Amino acid sequence: MNTLYRPELLYSDGRLMSNGELLVSETGKILEISEKTNDSSTRVVDLPGKALLPGFVNAHSHSFQRLIRGKSESRLASGSDFWSWRGTMYHAANRLDPQDVYDVARMAFLEMVLTGTTTVGEFHYLHNAPDGKPYEDPNLLAKQVLAAARSVGICIVLLRTAYLRSGFNLPRDSGQIRFFESRSAFLENMDALIQEFRNVFEVSFGVAPHSVRAVPLSDLKEIVGWNRALNLPLHMHISEQVAENAACVREYGLAPVALLNRERILDANFTGVHAIHIDPNEIDMLAEANATICACPTTERNLGDGIFPADCVLNAGIRVALGSDSQAQIEPLEDARQLDYHLRLQRQKRTILDQIAAKPLATTLFECATIHGARSLGLHCGELKPGANADFFTVDLSDPSIAGNSADDLLSILVFSLNRSAVHDVVVNGRIILQDRRHPLHDEIVARYQEVHHKVWRTERLL
Ligand SMILES: [Zn+2]
């Protein structure tokens, strides 16, 4: 039976309607968005005092890094830059057994759902056993992450990652032994995983060569060639750090984006994660290729990566998606608003991204958190349109963080001030996974996560 949702306010195409309703099929697809009618031949869900909006799409997550939240905020523990921060991250990565990987991923995904996120793109590079050898099933940990997403109810795109070396002219880093595969093993494992899950609707896949640093060009070209037949989303970290660009120039004579452009790797399936240190020519290359950039501002500020040039990128017509990345925070709209806030601090001006493509600032930022993420992951969600997946959330219009609102100003209030306490219900593929702010597995997920946290950190006095 179809279900008709009748909220007080309904998001549609960048604005809130006060008399709209949303019709969802039994199979979890949006059938229609329309003005309210008196037709009650379907099941009706009245939502007085609520606004209904498309769910957020988190296009770049490493779920296991939820474990290092707060653990790297000391020079004694993690040094003072991105490169030394990785030591803390490797510490956590190397202490997890398969059950832990599942428990930590569930915690990260639950937290995402509590913020109104309905889809996650999980950039997954934890492949091997702690001794660096593949498990009997080399996809065991990928399957643990997929099982975690299905347990929580969030839609997942597993961006299975190729991680082939530590870097140009670098010996293998012992902290990365759980990540390494050969190119042929990566392709075999990826293929097996896709085959096994081909009939599971809420699970899909993307290809993720980790970075130019971790995947030599010859292997990258093979992987990209392999993907051409499948046409899956292709995600790569690019230009997050100045030193990463410098190493790429030393090895290939070009910065990462220019290199990928020369090799014709940039296209509409390509998403470059971070892309902070890119020049105007590289911005043109990404725009010309119709590629997406996934910015992760809450992580980038935490790691001291630099400021993403959102104005230049958006003005060039490039789609910007968002990701929680290291899980320093899981707040999709905090990532969205930081796109503008970081530039405000840098320029000593306000509302830098307003009126790009003639859109209000709040609409531009909201689309980064929704529809651009969906596009990056190759999914039809992130918007409330006929044919799209029925992935959405409701907010309580009287929550203190957003109280005092109307159809005209609610979107701006949400984008700049929504607190997760206002997120009331979350629906994925037409199925309610959060109801009245409560996930049915909440207590179990938190308790299990707490145990893993204690296990991983109990011996670390410095931390
Ligand atoms: Zn990342």
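Two strands pair if DSSP finds at least two bridges between them, and strands here are DSSP runs of E with at least two residues, while helices are runs of H or I with at least four, both numbered from the N terminus. This is a predicted model, in which local features need pLDDT of at least 70 and side-chain atom pairs count only at pLDDT 80 or more, while totals for chains, interfaces and linings use all residues. Residues are numbered from 1 along each chain as its sequence is written.

Q: Which strand pairs with β14 over five bridges, and in what sense?
A: That is strand β5 (residues 43-54), and the sense is antiparallel. T394 turns up here too, as the bridge partner of L52.

Q: Why is β14 called largely enclosed?
A: A residue is buried if 20 or more other C-beta atoms lie within 10 Å of its own, exposed if 12 or fewer, and partly exposed in between, with C-beta atoms placed from the backbone. Five of the five residues of β14 (residues 392-396) are buried, so the rest of the structure largely encloses this strand.

Q: What shows that both faces of β14 are covered?
A: In a regular strand the side chains alternate between the two faces of the sheet. In β14, F392, T394 and D396 lie on one side, F393 and V395 on the other, and all of them are buried.

Q: Which strands does β1 pair with, and what are the senses?
A: Strand β1 (residues 3-12) is joined to β5 by seven bridges, running parallel. Three bridges join β1 to strand β3 (residues 20-24) in the antiparallel sense, and three join β1 to strand β2 (residues 15-17), again antiparallel. Follow Y5 to see two of these pairings: Y5 stands opposite V45 in β5 and opposite L22 in β3. For β2, look at S12, whose bridge partner is R15.

Q: What is noted about D13 in the hairpin of β1 and β2?
A: D13 takes a positive phi near 50 degrees, and the hairpin has two residues between its strands.

Q: What makes the phi values of N169 and S239 worth a look?
A: Most residues other than glycine have a negative phi. N169 has a positive phi near 60 degrees, and S239 a positive phi of about 50 degrees, though neither is a glycine.

Q: Are N169 and S239 buried or exposed, and how do you know?
A: N169 has 9 C-beta neighbours inside 10 Å, so it counts as exposed. You will find N169 in the loop between β8 (155-162) and α5 (183-196). S239 has 25 other C-beta atoms within 10 Å, so it is buried. S239 sits in the loop between β10 (234-238) and α7 (242-252).

Q: Why is G378 called partly exposed?
A: G378 has 18 other C-beta atoms within 10 Å, so it falls in the partly exposed range. Its place is in the loop between α14 (371-377) and β14. Residues are in contact if their C-beta atoms, placed from the backbone, lie within 7 Å. Leaving aside neighbours within four places in sequence, G378 is in contact with G206, L232 and P233.

Q: Why are α12 and α13 called oblique?
A: Axes are lines fitted to C-alpha atoms, for helices over the stretch in contact, and angles run from 0 to 180 degrees between N-to-C directions. Angles under 35 degrees count as roughly parallel, over 145 as roughly antiparallel, 65 to 115 as roughly perpendicular and the rest as oblique. The axes of α12 (residues 332-347) and α13 (residues 361-369) come within 9 Å and cross at roughly 130 degrees, so the helices are oblique to each other.

Q: Which residues of α12 and α13 meet?
A: On the α12 side they are P332, L333, A336, R337, L339 and D340, and on the α13 side L361, L365, F366, C368 and A369.

Q: Why is α13 described as largely enclosed?
A: Eight of its nine residues are buried, so the rest of the structure largely encloses α13. T364 and E367 are among the buried ones. Their cover includes β6 (56-61), α11 (310-315), β13 (319-322), α12, α14 and α15 (410-417).

How values were computed:
Contact = placed C-beta atoms within 7 Å.
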